[in-house]
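Visitor: Please show me how to read the features of this structure, one at a time.

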Amino acid sequence: MAQFVPADPFDLVIFGGTGDLSQRKLLPALFHRDRDGQFSDGSRIFAVSRGGMAQEEFIGLVRQALARKLHADEFDGATWQRFSRRLFHYRLDVTTADGWDGLGAALKQEPDHIRVFYLATLPSLYGASAGNLARAGLIDSRSRIVLEKPIGADYASARAINDDVCRVFHESQVYRIDHYLGKETVQNLAALRFANSLFEPLWRHAAVDHVQITVAEDLGTGNRAGFYERTGALRDMVQNHMLQLLCLVAMEPPLSLDHEELRNEKIKVLKALRPITPDTVKQVTVRGQYVAGAVGGELVKGYREELEQDGPSDTETFVAIKAEIDNWRWADTPFYLRTGKRLPRKASEIVLQFRPVAHSIFPEDSGDLVPNRLVIRLQPNEGVQLGIVTKEPGPGSFRLRSLPLNLSFTETYPLRYPDAYERLLMEVLRGNPALFMHREEVERAWQWIDGIIESWRDRRMKTQDYVAGTWGPTDSVRLLDRDGREWRNPSEE
Ligand SMILES: NC(=O)c1ccc[n+]([C@@H]2O[C@H](COP(=O)([O-])OP(=O)(O)OC[C@H]3O[C@@H](n4cnc5c(N)ncnc54)[C@H](OP(=O)(O)O)[C@@H]3O)[C@@H](O)[C@H]2O)c1
């Protein structure tokens, strides 16, 4: 049974509280938590933006956002009455030192409330926001600041943001979001690895041939093409989500779930990632960009058409990487990462491909002696599947067949799966940083990514076209084929 423990009274200030992230994710997540009784009386939510807006107008905006996001049975009038009384809008430009008096006075009315400042604005504003919060005297030892991704666009800019923020907040007060860490199934990875004695002896190079991590999206860049053009799949997905997944799969067992233990183990993995250099980049990475095709039976435009750009664009909408972790546990067990837009379906999964049996005692015509494979499905149909080789029943010679042992979380637990932001917001309010990234994690991840970007530039490595609705460019298949391996494409079931 889920347990709902209320958070201590808080004031949550969302800078960028009228923006897309706030309206689509943060405010609906907060509504759900309020509905489950997790907010104490008097807790308040302040939305800050430059645009002027009367209080009633802001309440109406949130009401519309909830109507768009929630199912009819998730909305109830009593919760809305309570929730809407918590909401306040303040007009303020976070980059200027003026105009903080109104927000400051409101916060100072409740000195005992925990103060959380959530920066849902452009990352280039994070430093100025932190500085102005300090100048306005709004930070105390119990205050927390939440930074949305992306934290910078490379190592240097990430470091500059972290330096600016950490000048006024202690590292223990900084919560860097990677919303993947709040996903139920990503949390389940810890349960799978560390609550089952079965896997740990096998979770290493001696038993695991290789690991695949796929994060596939069926959507294109749509009206975000302008933003995407400056970012690309490597920065948008690999630097944060995929490297976090890799760390959770590859890390040594931490002593406990304590945040310092966890992040120390993740940092060790990032330190052990073999740098990708101009000499290796063509062998171990693939860049792709989708052209027009069909996804789910529907004709869709290519990336350049969505971008509405006449000239060429070389931003990757697909990337595949063979990552090597130079440590005892994973020597010679590569981690193949792949992510892209306009792939055949939306699916995220982690595959541990085990090595073949050491020696076959079966005649050659016995059928499938395929190595075992553990598939951890993060979405959709969250669950775990283990391929087991069995004997087909019946008389005659031995006929082997690999069958899936299938555990579906959604069938076993037919509950509403809370959005990752619900968990993450509650963890911030409770002051538990285990699901957030330390600055060293972010900066080390950027250092590895910078090496790839510089090598691409050095070798003038261009994107390859792939047709929307396929699993990426042909070089992605070759990346594994060269090693005698192949991708497992997430199936529709
Ligand atoms: N949208 C998503 O799904 C998503 C997902 C992951 C991460 N993120 C990250 O979250 C952040 C916000 O993204 P978004 O999509 O919500 O952007 P957005 O829709 O453009 O919203 C930006 C918000 O910030 C406010 N703002 C901008 N400049 C400001 C200033 N100087 N002072 C005070 N408020 C200011 C805007 O209101 P005014 O213009 O009225 O000031 C608006 O409320 C970005 O860092 C983004 O990368 C977004």
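**Reading the model**

Guide: Happy to! Let's start with Arg 342, which sits in the loop linking strand E12 (335–340) to strand E13 (347–354). Keep in mind throughout that this is a predicted model.

Visitor: What is the phi of Arg 342?

Guide: Phi is near 55°, a positive value in a residue other than glycine. Arg 460 is also not a glycine, and its phi is positive at about 45°. That residue belongs to the loop between helix H15 (439–458) and strand E17 (464–467).

Visitor: Are Arg 342 and Arg 460 buried or exposed?

Guide: The reading rests on relative accessible area: under 20% is buried, over 50% is exposed, and anything in between is partly exposed. Arg 342 has 13%, so it is buried. Arg 460 has 67%, so it is exposed.

Visitor: Where does Leu 407 fall on that scale?

Guide: Leu 407 is partly exposed because its relative accessibility is 40%. Val 384 is 23 residues away along the chain, yet the two C-alpha atoms are 5.2 Å apart. Setting aside residues up to four places away in sequence, Leu 407 touches Arg 377, Glu 382, Gly 383, Val 384 and Thr 412.

Visitor: Which peptide bonds are cis?

Guide: Omega is the angle to check. Lys 149 and Pro 150 are joined by a cis bond with omega at about 0°, and Pro 150 lies in the loop between E5 and helix H6 (155–168). Another cis bond runs from Gln 379 to Pro 380, with omega near -15°. Pro 380 is in the loop between strands E14 (373–379) and E15 (383–391).

Visitor: How should I read a serine in a loop? Is Ser 43 buried or exposed?

Guide: Ser 43 is in the loop between H1 and strand E2 (44–49), and its 2% relative accessibility makes it buried. Its side chain reaches the backbone oxygen of Ser 40 at 3.1 Å. Beyond four places in sequence, it touches Asp 8, Pro 9, Phe 10, Arg 86 and His 113. Now try Ser 141, in the loop between helix H5 (126–135) and strand E5 (144–147): at 69%, this serine is exposed.

Visitor: Which residues touch the most other members of the largest nonpolar core?

Guide: They are Phe 15, Phe 83, Tyr 118, Ile 145, Ile 321, Leu 352 and Leu 374, in a core of 138 residues. Helix H9 (residues 232–250) gives this core its largest share, 12 residues. Tyr 118 has contacts beyond four places in sequence that include Leu 12, Phe 15, Leu 26, Ile 177 and Leu 425.

Visitor: And the ligand: which residues come nearest?

Guide: Its shell has 20 residues, with Thr 18, Asp 20, Arg 24, Arg 50 and Thr 121 nearest. By class, 8 are nonpolar, 6 polar and 6 charged. Helix H1 (residues 20–35) contributes the most, with 3 residues. A ligand oxygen is 2.7 Å from an N or O atom in the side chain of Thr 18, and a ligand nitrogen is 2.7 Å from an N or O atom in the side chain of Asp 20. At Thr 121, a polar backbone atom is 2.7 Å from a ligand oxygen. The protein buries 74% of the 890 Å² that the ligand exposes when taken alone.

Methods
Residues numbered from 1 in each chain as written. Predicted model: local features only at pLDDT ≥ 70, side-chain atom pairs only at ≥ 80, totals over all residues. Heavy atoms only, no water. Near = heavy atom within 4 Å. Polar contact = N/O pair within 3.5 Å; in protein donor to acceptor, adjacent residues only side chain to side chain. Areas by Shrake-Rupley, 256 points an atom, 1.4 Å probe, with all protein chains shown as cover. Helix = DSSP H or I, 4+ residues; strand = E, 2+ residues; numbered from the N terminus. Nonpolar A, V, L, I, M, F, W, Y, C, P; charged D, E, K, R; others polar. Buried < 20%, exposed > 50% of the residue type's maximum accessible area, 1.4 Å probe, protein only. Contact = heavy atoms within 4.5 Å. Core = buried A, V, L, I, M, F, W, Y, C linked by side-chain atoms within 4.5 Å.
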